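Work through the exercises below with the coordinates open, and try each task before reading its solution.

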Amino acid sequence: MNPSKDYTALAGYRIAVTGGTSGLGLALAREWHREGARVAFVARTGSEVERIAAELPGSIGIVGDVARKEDIHAIALQALGGLGGLDVLVNNASSLGPVPLALLADTECEELEEALATNLVGPFRLTRAVLGALRASAAEGRGGVVLNISSDAAVTPYPGWGAYGSSKAALAHLSAIWDRELEGEGVRVLARDPGDMDTPLHRIAVPGADPATLLQPEASARELTRVIVAELEGIARQRAPQAAAA
Amino acid sequence: MLPARLPLQRPPGAKLAAIDARGAITHGPRSRFAELVEPGDLVVANDAATLPASLAGVHESTGAPIEVRLAQRRSLDPEDVHEFVAVVFGAGDHHVRTEDRAPPPELAPGDALVLGPARAKIVMRLGHPRLVLLRFEGPASGVWAALARHGRPIQYAHLRPDLALWDVWTPIAGAPAAFEAPSAGFALDWRTLARLRERGIGFATLTHAAGISSTGDAALDRLLPLDEPYRIPEATARAIAGAKERGGRVVAVGTTVVRALEAAAAPDGTVRAGPGIATQRIGPATRLAVVDAILSGTHEPGTSHYELLGAFAAARTLAAAGRELEARGYRTHEFGDSVLVFSRALARAASRSAAA
């Protein structure tokens with residue numbers, strides 16, 4: 001395992017991430033930008049998007065909310081247009097549902113719907129909108145990877161994490177089914193748990209947590225990037241033997 | 001033919017008429033497309049996503065309301081989004097038939113257009129009061145953002161409700177490049193792609209900047225289609241060479257695929273990968289070098305799309321087919337029914353090899 005080799009493999013790849021101005025999404029955007037990938041990132045707040053776009057010259061900052069149906073194609077248009085296609089999509093933007101965390105019986109229906117809109121329906125819509133581009137990328141032996149950010153709360157029934165955990169569980173299962181359905185197209189759909197990280201989302205969920213017990217998002221970003229690179233290399237080998245040999 | 005009035009890409013009752021190489025026509029549901037193509041054949045589609053190419057705004061110096069319809073750019077380079085050829089309309093919107101739309105105020109080089117968050121300047125007029133070259137100000141990412149926020153897909157007076165961007169992106173839409181939807185591709189859902197694969201039929205894509213089909217102005221429509229940039233991936237060029245080598249047929253999904261492949265063709269039927277510009281008009285006199293069949297919407301005589309079908313089938317065959325489609329209630333326009341036309345050259349090739 002030579003990490004520097006992993007990262008040179010990213011040069012020239014076209015990657016988009018949602019929730020890209022804080023926490024894990026920002027760490028991913030910075031990591032890829034440093035390694036020469038062409039990066040588009042999405043977030044809801046215009047001023048934050050401008051700040052990160054200035055920090056990462058050449059990156060494409062997109063203002064939009066994946067929970068809003070009307071925003072999805074506007075986001076896809078800017079990412080696919082600005083990058084000329086897409087090789088990798090990371091659905092990272094997440095909603096906790098009720099804040100502070102609440103027992104399910106105390107969770108308003110609208111709060112559950114909000115968690116589902118951001119954590120399940122948004123990633124579904126955005127993936128669907130860019131799937132043609134990912135298919136084309138896979139056919140050219142470049143890529144075609146969707147990485148959905150999941151959580152151990154998708155597997156373990158933690159009391160108080162009902163809206164978040166059930167939406168992430170649904171996202172993980174959707175990823176598994178979609179991955180099987182797209183096998184013939186060469187597009188991978190993965191769900192990964194990045195671990196408990198010291199991020200704004202975690203600080204809202206668990207205000208008293210000791211940062212020393214948490215992963216830094218940069219470490220999780222490197223780990224997830226290794227997963228993405230391994231998939232890209234696998235697709236390149238499988239789809240375009242000549243290109244991979246070159 | 002009746003226009004399809006609902007923006008459903010794959011309505012449950014969609015029909016497909018197939019015209020074989022000898023001119024015989026059969027009818028069935030559009031879902032049988034994957035069964036009409038044979039193992040060893042290659043289906044090629046246009047994966048261009050459709051731009052929100054209609055921008056409402058004002059002509060700054062007169063304050064006159066205008067609608068700008070982007071119609072052409074030089075290349076598919078993501079950074080090359082400043083200069084566009086555009087058709088400009090005056091007051092009113094798409095609920096008025098384009099034929100009846102008011103002309104724009106007189107447009108002079110240097111005039112500023114305010115199009116929502118975007119600003120553009122007229123670079124020059126292009127030989128018609130509605131047709132101009134314009135130039136957007138600001139960085140490329142700003143142009144994409146302005147299109148995403150303010151642009152709408154080009155609308156049609158015969159459709160209710162108004163089209164949203166998701167209505168005009170085919171299931172396989174990738175890089176945004178088309179000014180109007182490459183609508184033959186509406187027929188291709190992912191189940192159809194899986195079925196093609198199951199049957200041993202190849203599938204490949206190219207990206208072609210499908211241009212506007214009609215402006216309602218006869219003088220302007222005579223200039224259509226405008227030159228259109230395209231890009232053919234290496235993998236697609238290889239797939240075409242493979243199909244030709246094994247005696248398979250190349251089936252184009254839509255007129256734009258025919259234009260791109262024939263523009264990139266060498267006389268021996270090989271296809272050059274990479275970017276190019278389709279400048280040729282394809283019609284009854286064209287000898288097709290690559291494409292053996294076309295899946296298309298239904299088109300009416302007098303359009304450039306209908307003329308292109310003339311490269312595949314004799315005028316007599318198309319006229320007879322037109323009468324049948326009319327009698328059987330086929331629907332036309334972007335969201336209408338489909339035809340699959342095999343080139344009559346295939347019948348000549350078959351009788352030559354039978355005689356040999």
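**Exercise 1. Trace the nine-stranded open sheet of chain B and place the helix that packs on it.**

Solution. Begin with the strand order, which in this open sheet of chain B reads S3-S2-S19-S17-S15-S4-S13-S14-S16, with mixed pairing; strands are DSSP runs of E of at least two residues and helices runs of H or I of at least four, numbered from the N terminus, and two strands pair if DSSP finds at least two bridges between them. The edges are strand S3 (25–29) and strand S16 (274–278) of chain B, each of which pairs on one side only. Neighbouring strands of this sheet are turned by 25° against each other on average, direction ignored. Helix H6 (residues 234–245) of chain B then packs on the sheet, where it touches S4, S13, S14 and S15 of chain B, contact meaning heavy atoms within 4.5 Å. The direction of H6 makes about 150° with that of S4(B), the axes being lines fitted to C-alpha atoms (for helices over the stretch in contact) and the angles running from 0 to 180 degrees between N-to-C directions.

The model is predicted: local features need pLDDT of at least 70 and side-chain atom pairs pLDDT 80 or more, whereas totals for chains, interfaces and linings use all residues. Residues are numbered from 1 along each chain as its sequence is written, chains are lettered from A and ligands numbered from 1 in the order written, and side-chain values use heavy atoms, without hydrogens and water.

**Exercise 2. Characterise the interface of chain B and chain A.**

Solution. First count the residues: 27 of chain B are in contact with 25 of chain A. The two chains bury about 2,100 Å² between them, 65% of it on carbon and sulfur atoms, where buried area is the accessible area (1.4 Å probe) lost on being put together, summed over both parts. B:Trp166, B:Trp169 and B:Trp190 supply 27% of the area that chain B buries against chain A, more than any other three residues.
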